[in-house]
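Trainee: Let's go through this model together. Start with the aromatic rings, please.

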Amino acid sequence: MSRPWKAGGLAVVIILALALPQVLRGNDYWISVAVVAAIMMLMVSSLRTVLLLNQISLGHVGFSALGAYGSALLMMRVGLPFWVTVPLGGLMAALLALVLSYPFLKVRGLYFSILTLLTAETLRLTAYYWPSLTGGSWGLLEIPPPASISLPGVGAVDFGTVDNYYYVAIPLVIICLALIYLIEHSHLSFKWQAIRDGDELSKSVGINVMRYMVINFVIACFFAGVAGALFAHYQHSLAVDATSRFGVVMSIYMLLYLVVGGRKSFAGPIVGTVVMTLITEFTRPVAEYQPMMIGVIAILVMLLMPEGLVELPGRLVRWRKDRKRGALTVPADPGETG
């Protein structure tokens, strides 16, 4: 697909996203679903950044939790504004990733996954058993939204409402996704690809493998922290029990979203999150069967479309071309042979 088509398609998607509250005016439920889905897109996209080095993080939600609690506590206890606490929440997650990266990135594969999982559980249990700071098992309550602002001709805008917070979360998510895209298409991506294809070969041509792996991990955790901060100020409360958004189950769901959408494409996390969110919402009447249904869908996608749902348009185009080619091929008349 040419660049003008890509740019045009992206512009249409952004315009539709910004116009969604007007289309769904009065339907706060679906607007809230859209907000949570957008935050999840950022989470899954940040997880995909780690996967660019063929590393699987099962503890990405832990860095998201750190960003969430960090931003919320900085606003509630220190009095910093939302626009400062959100990036600071991301920086707190990035700082922890920087501290842990050197020991963690010395191992690969399953060992790295286990270390990240243990980190997430350690952070979750720390929050659970520290009631004086995080609210403990009761959770952190009454997290404030962004402060209201006054716009000329509009008046005071209260971001405590779902539809107004939408216009805070969506632009921030779009900016973060754009930054991830630019990073993925910068010189860093070429270094990451070389490291993914072979550590020793990368070292032989002068690439500092550990340095670029640390950069990858820190960037991914920063955006995970920002996503957690956005969720905290939207939800107005945080909980860290095992079934919460910061539990192990959410880590598994994030991987499923990534696999269903397509892990090799930047659009994969976006497509996977949209599709799986819609499936989850429309199957709420049979909620007890949701895990099984999501599992079946993930298995079917992996078997039929290993590259994820992002390859579906390309497959349809090829199928249509094959049909046209077959229709234009006229079989020889049997009477003319011999």
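Mentor: First the criterion: rings of Phe, Tyr and Trp (its six-membered ring) pair if their centres lie within 6.5 Å, and the planes count as stacked under 30 degrees apart, edge-to-face over 60 and tilted otherwise. This is a predicted model with residues numbered from 1 along each chain as its sequence is written, and local features need pLDDT of at least 70. Side-chain atom pairs count only at pLDDT 80 or more, while totals for chains, interfaces and linings use all residues, and side-chain values use heavy atoms, without hydrogens and water.

Trainee: How many aromatic pairs does the structure hold?

Mentor: There are 12 aromatic pairs. One of them joins Tyr165 and Tyr234, a tilted pair with 5.7 Å between centres and 35 degrees between the planes. Tyr165 belongs to helix H7 and Tyr234 to helix H10, so this pair ties together parts that are 69 residues apart in sequence. Helices here are DSSP runs (H or I, at least four residues), strands likewise (E, at least two), numbered from the N terminus.

Trainee: Are Tyr165 and Tyr234 buried or exposed?

Mentor: Both Tyr165 and Tyr234 are buried, where buried means under 20% relative accessible area, exposed over 50% and partly exposed in between (1.4 Å probe, protein chains only).

Trainee: What about Phe222 and Phe223?

Mentor: Phe222 and Phe223 pair edge-to-face, at 5.2 Å centre to centre and 75 degrees between the planes. Phe222 is partly exposed at 22% relative accessible area, whereas Phe223, at 5%, is buried.

Trainee: Which residues do ring pairs link into a cluster?

Mentor: Phe82, Trp83, Tyr165 and Tyr234.

Trainee: Which residue lies over the face of Tyr212?

Mentor: Arg211 does, at 5.5 Å from the ring centre. For that call, NZ of Lys or CZ of Arg must be within 6 Å of the ring centre and within 35 degrees of the ring normal.

Trainee: New topic. How many cavities does the search find?

Mentor: Two, counting those of 30 Å³ or more in the whole structure. On a 1 Å grid over the protein atoms alone, a cavity is a set of points where a 1.4 Å probe fits but cannot get out; a pocket is an open set with protein on both sides within 12 Å along at least five of seven lines, and lining residues have an atom within 4 Å of a point. Points are joined across faces, edges and corners, and a volume is the space filled by probe spheres set on them.

Trainee: Which helices supply the lining of the largest cavity?

Mentor: Helices H2 (28–51), H3 (60–78), H10 (209–235) and H11 (248–261) each supply at least two residues. The largest cavity holds about 80 Å³, and its lining includes Met40, Ser64, Phe231, Arg245 and Met250. By class the lining has nine nonpolar, two polar and one charged residues, with Ala, Val, Leu, Ile, Met, Phe, Trp, Tyr, Cys and Pro as nonpolar, Asp, Glu, Lys and Arg as charged, and the others, Gly among them, as polar.

Trainee: And what lines the second largest cavity?

Mentor: Thr49, Leu52, Ile180, Ile183, Glu184, Trp192 and Ile219. That cavity has about 30 Å³ of space, and helix H7 (162–184) gives the most to its lining, three residues.

Trainee: What is the volume of the second largest pocket?

Mentor: About 660 Å³. Of its 25 lining residues, Val36, Arg245, Met250, Thr280 and Arg284 lie nearest its centre. H2 gives the most to this lining, with five residues, and by class the lining has 14 nonpolar, eight polar and three charged residues.

Trainee: H2 keeps coming up. How many of its residues are buried?

Mentor: 21 of 24, which leaves H2 mostly covered. H2 reaches 35 Å from its first C-alpha to its last, close to the 34 Å expected; the expected span is 1.5 Å times one less than the number of residues.

Trainee: How about H3?

Mentor: In H3, 15 of the 19 residues are buried, so H3 is largely enclosed by the rest of the structure. Its end C-alpha atoms are 26 Å apart, in agreement with the 27 Å it should span. Just after H3, Gly79 takes a positive phi of about 90 degrees.

Trainee: Last one: how many helices and strands does the protein have?

Mentor: It has 14 helices and four strands. Of its 338 residues, 42% count as buried, and the C-alpha atoms fill a box of roughly 95 × 55 × 45 Å along the principal axes.
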